[in-house]
Amino acid sequence: MTANGKHNPKAHSQNEKIHSDQEYIDQKFMQAAIRYARRHEGLTAENPSVAAFVIQYIDDQPVIIGRGVTALGGRPHAEVQALEEAGEAAKGADVYVTLEPCSHYGKTPPCADALIRAGVKRVIVAADDPDERVAGQGFAKLRAAGIEVVEKTIASAAEYGLAGYLKRKRQSRPFVTLKMAMTKDGYIGAHSGEQVKITGAVSNGQVQVLRAINDAILVGAGTVENDNPTLTCRLNGLEYRSPARVILDRRLKTPVNSNLVQTADKHKLIIATKADLTGADDYLKCGVELLHLSADENEAQLSELLSHLATFDISTLLIEGGAKIAKSFLAAGFVDRIILFQSNTNLDVKEDATKVKAPLTPDKMPEGFALKNKLTFGTDLMYEYEKVN
């Protein structure tokens, strides 16, 4: 409106441009924060890997003056680190956080209080925190202190990396990713007594990345028997990011001299079983944690296992087991994401070998899953599917 009360189209247009520019800036910095948060995925214990950027405008240009990501083990939180780096310059700044700042006293003071003390002007947040101790209270604290809060800035992008934490808080179980490698003609291996190469080196490296960013990895007893894997992260320099290992072995037939059991003192190993644990001392001596499943039906057993893993602060579980394990979790409805690697060659094994057909293919995907990504790794294709809510 002008001084004489008439509408001013030019002023309205300028306001729209300012709003549009700010929205663009908010999205760009949040995208950067989401990428920064991925640095510590799988390394922050019960806490999610969250990133925070403190932005100050210098000569009308937004500049990062402080950044933080949830520390290894879960503390200190991202906001505290970013504010410490920014120092007194944080006053009047904008802060981008990938998850709602905490509002409660736990092992550390509330991050919302730290933001208030720093005198920041705006807090832009991607995802809401479903933790009942937070759940909107962080936003309420900030607003009560006169801080502008912008919620749900590209929330879906942030929730991709936070999926494990969100799943554990909302459903008391880990977020489950089923990973499978298959040949061009639709096989995942063969019972032949020989190691079968399916995908190439680039894809295999990507599988190691998946291990590095997941809290735990699960296989069945058949995979242990056939392949005798170790299931650690084999990328140079990232060995310390190896996940906890889980074997679903209902009859407790895992050999004590297997690679998994023999490395249980170095890397956490849980064996879930229906068998009587009497006489299982050999496993315990090696450092194996034994979980006795009380349920008889498949879905109830898997639910019991997942709930148990959640109590160990395991938020993300990668399934690398064979066809039987994959079918079991799919039938129970516990798979949230499917990552399928497909080579450009057919299965090459002995003529008398029993080939194992893939339980799913890009052309035959379980109902309720939507394709989110299709990428090329060397000569292989990777398909990523997400369960549709």
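**A friendly note on this predicted chain**

1. Strands here are DSSP runs of E with at least two residues, helices are runs of H or I with at least four residues, and both are numbered from the N terminus. Lys355 counts as partly exposed because its relative accessibility is 40%; the term lies between buried (under 20% relative accessible area) and exposed (over 50%), using a 1.4 Å probe and protein chains only.

2. A word on the model: it is predicted, so local features need pLDDT of at least 70 and side-chain atom pairs count only at pLDDT 80 or more, while totals for chains, interfaces and linings use all residues. Residues are numbered from 1 along each chain as its sequence is written, and side-chain values use heavy atoms, with hydrogens and water left out.

3. Lys355 also belongs to a positive surface patch, together with Lys327, Lys357 and Lys364. Patch residues have over 30% relative accessible area and no salt bridge, with like charges joined within 9 Å; a salt bridge is a side-chain nitrogen of Lys or Arg within 4 Å of a carboxyl oxygen of Asp or Glu.

4. For the chain as a whole, there are 47 positive and 49 negative side chains, and the centres of these two sets lie 2 Å apart. Lys and Arg are counted as positive, Asp and Glu as negative, and His and the chain ends are left out. Each charge is placed at NZ of Lys, CZ of Arg, CG of Asp or CD of Glu.

5. The protein chain contains twelve helices and 16 strands, and its C-alpha trace spans about 90 × 45 × 40 Å along the principal axes. Of its 389 residues, 50% count as buried.

6. Now look at helix α3 (residues 111-118), whose buried residues are Cys111, Ala112, Asp113, Ala114 and Leu115. They pack against α2 (78-86), β3 (94-99), β4 (122-127) and α4 (137-144). Just after α3 comes Gly119, with a positive phi of about 75 degrees.

7. Is Ala216 buried or exposed? Ala216, found in strand β8 (residues 216-220), is buried because its relative accessible area is 0%. Beyond its neighbours within four places in sequence, Ala216 is in contact (heavy atoms within 4.5 Å) with Pro243, Ala244, Val246, Ile314, Thr316, Leu317 and Leu318.

Definitions and conventions
Patch = residues over 30% accessible without salt bridge, like charges linked within 9 Å, V, L, I, M, F, W, Y side chains within 5 Å. Areas by Shrake-Rupley, 256 points an atom, 1.4 Å probe, with all protein chains shown as cover.
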